[in-house]
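Student: I would like to check some labels against their cut-offs. Can we go through them one by one?

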Amino acid sequence: QATLGFGTAGFGQQEFVLSYESVLRRENDFQVVAGLGLGVGHERFNSEDGNGTLSVSYYPIRGDVAALLRDKTRAYELGAWGTYHIAGSQTYTDPKGNEIDGKGNSVVAGALYFGIGLEATVWFAVEVERYLYCNVLAS
């Protein structure tokens with residue numbers, strides 16, 4: 001999973017997570033799936049008032065669980081996910097351009113990065129050739 005994030009006040013995020021998913025329960029056209037992933041990422045926060053920039057490299061751990069209902073050509077998935085970012089290097093750059101390393105600095109080192117959410121996905125199976133199928137994800 002690759003993620004690019006953009007927001008107000010110069011927020012930016014790039015993240016790549018490699019996940020493993022497993023079917024926990026299967027009954028006819030219904031499945032319960034769960035997964036765990038590890039990755040690398042980087043976030044940048046610019047203050048709106050020009051007081052500096054926080055730059056964080058991190059290692060995300062992501063877990064998810066979802067219910068999946070299938071028919072012959074589509075699948076509908078509703079799930080919950082949680083992620084925790086283990087902070088790597090954290091650097092604060094003040095307005096004068098001075099960099100403050102987060103190691104041992106109480107202003108920067110105490111940050112926690114986590115998230116939770118719900119996601120809905122519709123999977124489509126598109127026949128490319130007689131025995132070759134392509135899954136298209138819309139999330």
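Tutor: Start with the second largest pocket. In this predicted model, about 160 Å³ of space lies in that pocket.

Student: What makes Trp81 and Glu119 part of the lining of the second largest pocket?

Tutor: A lining residue has an atom within 4 Å of a pocket point. Trp81 and Glu119 are in the lining, and so are others, including Gln1, Pro60 and Arg62. Strands E2 (12-27), E4 (53-70) and E5 (74-93) each supply at least two lining residues. The lining divides into 3 nonpolar, 5 polar and 3 charged residues.

Student: Why is aspartate 71 called partly exposed?

Tutor: Its relative accessibility is 37%. Buried means under 20% and exposed over 50%, so a value in between is partly exposed. Aspartate 71 sits in the loop between E4 and E5.

Student: How do you know that the side chain of aspartate 71 makes a polar contact with the backbone nitrogen of threonine 73?

Tutor: The distance is 3.0 Å, and the cut-off is within 3.5 Å. For the backbone nitrogen of arginine 74, the distance to a polar atom of that side chain is 2.6 Å.

Student: Why is the pair of phenylalanine 11 and phenylalanine 45 called tilted?

Tutor: The count is 1 aromatic pair. Its centres are 5.2 Å apart, with 45° between the planes. Stacked needs under 30 degrees and edge-to-face over 60, so the rest is tilted. Phenylalanine 11 lies in the loop between E1 and E2 and phenylalanine 45 in E3, so the pair ties together parts 34 residues apart in sequence.

Methods:
Residues are numbered from 1 along each chain as its sequence is written. This is a predicted model: local features need pLDDT of at least 70, side-chain atom pairs count only at pLDDT 80 or more; totals for chains, interfaces and linings use all residues. Side-chain values use heavy atoms; hydrogens and water are left out. On a 1 Å grid over the protein atoms alone, a cavity is a set of points where a 1.4 Å probe fits but cannot get out, and a pocket is an open set with protein on both sides within 12 Å along at least five of seven lines; lining residues have an atom within 4 Å of a point. Grid points are joined across faces, edges and corners, and a volume is the space filled by probe spheres set on the points. Helices (H or I, at least four residues) and strands (E, at least two) are DSSP runs, numbered from the N terminus. Ala, Val, Leu, Ile, Met, Phe, Trp, Tyr, Cys and Pro count as nonpolar, Asp, Glu, Lys and Arg as charged, and the others, Gly among them, as polar. Buried means under 20% relative accessible area, exposed over 50%, partly exposed in between (1.4 Å probe, protein chains only). A polar contact is a pair of N or O atoms within 3.5 Å; within protein, one must be able to donate a hydrogen and the other to accept it, and residues adjacent in sequence count only if both atoms are side-chain atoms. Rings of Phe, Tyr and Trp (its six-membered ring) pair if their centres lie within 6.5 Å; planes under 30 degrees apart count as stacked, over 60 as edge-to-face and the rest as tilted.
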